[in-house]
Amino acid sequence: AKKAPVKKTIAKKAPVKKTIAKKAPVKKTIAKKPSSKKTTAKKLSSKKLPPKKIKLQYSVGDFIVYPSHGVGEITDIQTFEIAEEKLEMYNVIFDKEKMTLKIPTIKAKEIGIRKVSSRNEMKKTLEILKSKAKIRRTMWSRRAQEYEAKINSGILIELTEVVRDLFRNSNQPEQSYSERQLYESARDRLAREVAVVEKTNDDKAVEKIEIILNDATRKSSSENSII
């Protein structure tokens, strides 16, 4: 018997469809350049500005009153570098005490430094010497502390009041050693300012002060004797 011929069946492959993926449109992003104004502002801010120069209250040749030392003259203004910072200082000479002080210019007001008084201010202040002395009836030690505080206050009126209250003429009871010392300290300090204001020397200023005080005490004692 003859075998029937076997037919070869070839499976046809399905046609492959080519799918082309569409590329998303690329958006071009253009980086914006910063404006020139902003860049200049940044540059300016990065620069350290120099410290503002403070206007000085006093000049070389000025006479000032330092509360605890009296009248001194500014002979120089010096600049020192401390901890990488510049510090200006007044160089002040006190002739009476034979002393020199360096005072920071920014601390002058805080310390209580003032300019010497004007002629009109001095004239009004010396009128205090003609008024009656005011002596409190308290222990001398307490009064001495009050007098010292007034002398070192730097206030001209308070200094003049101490001179008036501690003055004794030849007809009055003698002072103790400590009273005399306080009186002379106050008188000499007042005389120094009088001398600078009136452009005279210290001895003449002392003489002027004591003439006013002597005349005032004589006048008050004569008025008391009449009463």
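What is the relative accessibility of aspartate 215?

Modeller: Aspartate 215 has 43% relative accessibility, so the residue counts as partly exposed (20% to 50% relative accessible area; buried is under 20%, exposed over 50%; 1.4 Å probe, protein chains only). The model is predicted: local features need pLDDT of at least 70, side-chain atom pairs count only at pLDDT 80 or more, and totals for chains, interfaces and linings use all residues. Numbering runs from 1 along each chain as its sequence is written, and side-chain values use heavy atoms, with hydrogens and water left out.

The partner of aspartate 215 is arginine 218, in a salt bridge of 3.1 Å, N to O. The term requires a side-chain nitrogen of Lys or Arg within 4 Å of a carboxyl oxygen of Asp or Glu. Both residues sit in helix H7 (residues 202–226), 3 residues apart, about one turn of the helix. Helices are DSSP runs of H or I with at least four residues; strands are runs of E with at least two; numbering starts at the N terminus. Elsewhere, shared partners join the salt bridges of Asp95, Lys96, Arg192 and Asp202 into one network. The whole structure holds 14 salt bridges.

Two others are worth a look. Lysine 150 and glutamate 161 meet at 3.4 Å, N to O. That pair links distant parts of the chain: lysine 150 is in helix H4 (residues 140–151), glutamate 161 in helix H5 (residues 156–166), 11 residues apart. Lysine 150 is partly exposed at 27%; glutamate 161, at 22%, is partly exposed too. Glutamate 127 and lysine 130 form a salt bridge at 3.2 Å, N to O. Glutamate 127 is partly exposed at 43%, and lysine 130 at 48%.

Arginine 187 lies in helix H6 (residues 177–198). Its relative accessibility is 11%, so arginine 187 counts as buried. Beyond neighbours within four places in sequence, arginine 187 is in contact with Val163, Arg180, Val206, Ile209 and Glu210 (heavy atoms within 4.5 Å).

Now the rings. There are 4 aromatic pairs: rings of Phe, Tyr and Trp (its six-membered ring) with centres within 6.5 Å, stacked under 30 degrees between planes, edge-to-face over 60, tilted for the rest. Tyrosine 58 and tyrosine 90 have ring centres 5.9 Å apart and planes at 65°, so they pair edge-to-face. Both are buried. Tyrosine 66 and phenylalanine 94 are also edge-to-face, because their planes stand at 90°, with centres 6.2 Å apart.
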